[in-house]
Amino acid sequence: MAEKINLTLKVWRQNRGEEGRFEIYEAHDIDTDASFLEMMDVVNDKITLAGGEPIAFEHDCREGICGCCGSLVNGKTHGSHERTTLCQLHMRHFKEGETVVIEPFRARAFPVIKDLILDRSGLDHIIAEGGYVSVKTGNAPEASTTPIKKELAEAAMDAAECIGCGACVAACPNGSAMLFTAAKVSQFALLPQGHPERAQRAKDMVAKMDELGFGNCSNEYECAVACPKGIDVKNIARLNREFIKARLTKS
Ligand code: FES
């Protein structure tokens, strides 16, 4: 049976362009079966009823698939549970009377919009530089006309699991988006459909990443530890190979 716990929350409050500060809130009678975001909903209801401004945080699917949610919880991206998005983190992992510190992801390329909501559009701009496959109009071809080895299909699917939450950027001491970009480049580089544009894709996506102020990768591997989807750092090695080959290829 679900228990109830009481927590003290230290939450980062900030308006765009202004200095931020921590504010303290009490979260009483929280069901241990509730998700972290449901706990935030309960706290926000109380703040609203008292005439205050609710804590702004981002969410959509609440099922670990859209990549909208994400905050630092006690200094860890998406909280302390491995391979778990914030919306899938449950209150049973917290102790009665615990103080929980909640902050936005900290990264130069992710400015705060409000409270825990960040502008992560930089990741979308990287995708727009080549994170897609151009197709001609017409009927979809028969899937079986393009045989793909099982290992390659599985590796491409693993890379495609990236939900673009930005935890990798926040966890990296350099604020690098290499794991994100590597996953997006890899999911196409591994499949024949992605080959015609692979050189341009690697060059353009890396150039955009640099232009937007994401840092360089220095192989800290914090990104892979923070990733709620377990994206492998092998994808970074693949991106490096794709990028070097592309630079050596005339375009
Ligand atoms: S709200 Fe969609 S992944 Fe968390």
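Strand β1 and strand β2 (residues 21-31) pair in the antiparallel sense over nine bridges. Pairing requires at least two DSSP bridges between two strands. The model is predicted: local features need pLDDT of at least 70, side-chain atom pairs count only at pLDDT 80 or more, and totals for chains, interfaces and linings use all residues. Numbering starts from 1 along each chain as its sequence is written, and side-chain values use heavy atoms, without hydrogens or water.

**Exercise 1.** Find which residue in β2 is the bridge partner of arginine 13. Then find the sense in which β1 pairs with β5.

*Solution.* 
- Start with β2: arginine 21 is the bridge partner of arginine 13.
- Turn to strand β5 (residues 99-103): β1 pairs with β5 in the parallel sense, over four bridges.

**Exercise 2.** State how many residues of β1 and of α5 are buried.

*Solution.* 
- Apply the cut-offs: buried is under 20% relative accessible area, exposed over 50%, partly exposed in between (1.4 Å probe, protein chains only).
- Strand β1 (residues 4-13) has seven of its ten residues buried.
- Helix α5 has twelve of its twelve residues buried.

**Exercise 3.** Describe how α5 and α8 cross.

*Solution.* 
- The axes of α5 (residues 178-189) and α8 (residues 234-248) come within 8 Å and cross at roughly 70°.
- Therefore α5 is roughly perpendicular to α8 (angles of 65 to 115 degrees).
- Contact means heavy atoms within 4.5 Å; among the contact residues are Met178 and Val185 of α5 and Ile236 and Leu239 of α8.
- By class, the contact has eight nonpolar, four polar and two charged residues.

Definitions and conventions
Axes fitted to C-alpha atoms, helices over the stretch in contact; angles between N-to-C directions. Helix = DSSP H or I, 4+ residues; strand = E, 2+ residues; numbered from the N terminus. Parallel < 35°, antiparallel > 145°, perpendicular 65-115°, else oblique. Nonpolar A, V, L, I, M, F, W, Y, C, P; charged D, E, K, R; others polar.
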